[in-house]
Amino acid sequence: MRVEGAVTSLTCRGQDDQFFIGTNKCQMYRSAYATFKEELVAVCHTEAVNDIVFPEGHSDLFVTCSTNDIRVWYTPERLERLRVTVPNVTCHAVEVTRDGMVIISAWNDGKIRAFVPATGEPMYEINNAHNLGVTAIAATRDCKQIISGGGDGQVRIWNIGEKTQKLREVLKEHRGAVSCIKINKNDKEGVTASLDGTCVIWDLVRYVRKQMILDNTLFKCVCYHPGEYQIITSGTDRKIVYWEVLDGSAIREVQGSLSSSINGMDITSDGASFVTDSMLWALSARAGFTSSAAALAVVWKAGANPGMWDRHNGLRNHGNTCFMNAVVQCLSNTAPLAEFLALGRYRARGARAEVTHRLAALVRALWTRDYTPQLSAEFKNIVSEHSAQFRGNAQHDALEFLLWLLDRMHEDLGGGGGQALSLDANLLWGHTERCETFDNPPLCQENFKVQLLEVWGFQNAQVP
C-alpha cells in the first residue's frame, strides 16, 4: 500500500473490516483488511487557500489555489478531481475563463501559468510577467485578454492568441501590490484594488484611469454591484464600503468584522446579498463563497439596511427552556461575544470548560445555519450537570441564568481561578478582581449593583 506523505495516524472502524490512515499531507485513506488497498476518502490543501473561483454558470465545480498547487473540486461528492502541482512556488490567484477552457493562475515567481481544466496539462507560461510576483489576475469575457496585477503595483494587459501571448499595455497608478482585479460585463471597464490604499477604475478601451478611490486602509477585495454603477470594497479597516463608479464618492459603509481584515468578497447576481470572509474560521458549505484559508462566511443583506446579518434561527424548547433560549439568543446577537465563541478564540481549561464548549458550538451553529435541536438539548444537559438549580423542565429566571452562565464561562476560561468575577448569593451585588490568568486589571474599581430591567410588549395596544 502506498499513500501520499508520512503516516501520522491509524484507526480501526469499530468491528468492521476497515481501517483509516491519516498523513501529514492532509490526506485520509480507507482500506479493507482483506484487500489491503488504499482508497482516498478526504483531502485538502496543506497550506493557506489563497483564492477560490467557480466557473461561470457552474456550481458543481470550483478551483482553489495554494502553496505549490491548484486543485479542482467536485462539490456533489466533496472530492478533489484534479491537482496541478508546481513545486517551490505559491499561487496567489486563479481564474477560469468564461468558456471554461483555460485555468489561468498568478504565481509568486513572476509567472502567469495556464492549464487545461480537464487534465491539468500546461498550455502556456508568461515569464517575467511582474518583477515582484503576480498577485492578482482576471480574464475578459471574450477570453482574448488577461489582466494581471503584481507586487510592483503595476497592472498589465495581455493579448492571448492561440499560440502567442503578448503584452498590450502597462498601467502604472498603484504604489503597492495589487490585491484584486474585477472586469465589468462588457469588458470596457475594470477596477483594481491595492495594498497602497487605492482602488483605480480603468477605461479598458483607451487604457487610462477613469477614477481613483483613496481610503485609510489596505484594500484586500473589490467587486462590482450587479448594476455596475457601484463598487464594493473592503480591507484591513474591516469596513465594507459602497462607492459610486461615476465620481468615486463613498455612499455608505458597514462594519464588516470586529477584529480581522476582510480578504474576500462576492455578491449574488441580483445584488440582494453579498458574502465576505475575514480569515476567521471554516466556511459553511451552504454559503458558497470564500477566498481565504480559514474563514467564517457572513452573508449580508444588501438592501435598505446592509448592516443586518442574514441569520434567522430559532431555538427549540426542551421543556420550559424559554429562559435559556432567550439568554443564548441575546449572547449570540452580541457581536464581540459571538465572534469570540463561534470562532474558537477562547482559551479554555480542558474538560472543565464543557459549558463554554457547548455554548460555542450552539452559537456557531446559529451563525452558520447548521442548528439542530440536538445542539440545544446537549447544551441544556451540560448545564444541568454543572448546576442543580437548572435541572429538570421547570421555568427559571432568565437573569439568574445569564449571571450564572457568565460566571461559569469566566471560570471555564481561566479568569482568575473563577474569582475575577464574584456575585453574592442573592445576585444583587458583585465585584471584580484582577484576572490572574491574563493579568488584566479589575473591570470595576468598586462594587456594582445587578439591576433588573423588565420590558413589556403589547400587541394591538391603543396608545393615547
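In strand β20, G235 is the bridge partner of F219. The structure is a predicted model, in which local features require pLDDT of at least 70 and side-chain atom pairs count only at pLDDT 80 or more, whereas totals for chains, interfaces and linings use all residues. Residues are numbered from 1 along each chain as its sequence is written, and side-chain values use heavy atoms, with hydrogens and water left out.

Strands and helices are DSSP runs numbered from the N terminus (E, at least two residues, for strands; H or I, at least four, for helices). Two strands are taken as paired if DSSP finds at least two bridges between them. Strand β19 (residues 219-224) and strand β20 (residues 230-235) run antiparallel and are joined by five bridges. Five residues lie between the strands of this hairpin, where E228 takes a positive phi near 65 degrees. Of the six residues of β19, five are buried (under 20% relative accessible area; exposed is over 50% and partly exposed in between, with a 1.4 Å probe and protein chains only).

A hairpin is also formed by β17 and β18, with four residues between them; Y207 in the turn has a positive phi of about 60 degrees. Six bridges join β17 (residues 198-203) to β18 (residues 208-214), and the two strands run antiparallel. W202 stands opposite R209 in β18.

Across the whole structure, 10 aromatic pairs were found. The rings of F54 and F62 are tilted, because their planes stand at 40 degrees, with centres 5.3 Å apart. Rings of Phe, Tyr and Trp (its six-membered ring) pair if their centres lie within 6.5 Å; planes under 30 degrees apart are stacked, over 60 edge-to-face and the rest tilted. F54 has 32% relative accessibility and therefore counts as partly exposed.

Charged groups also sit over rings (NZ of Lys or CZ of Arg within 6 Å of the ring centre and within 35 degrees of the ring normal). The charged end of R113 is 5.2 Å from the ring centre of W107, and R252 lies over the face of Y242 at 4.2 Å.
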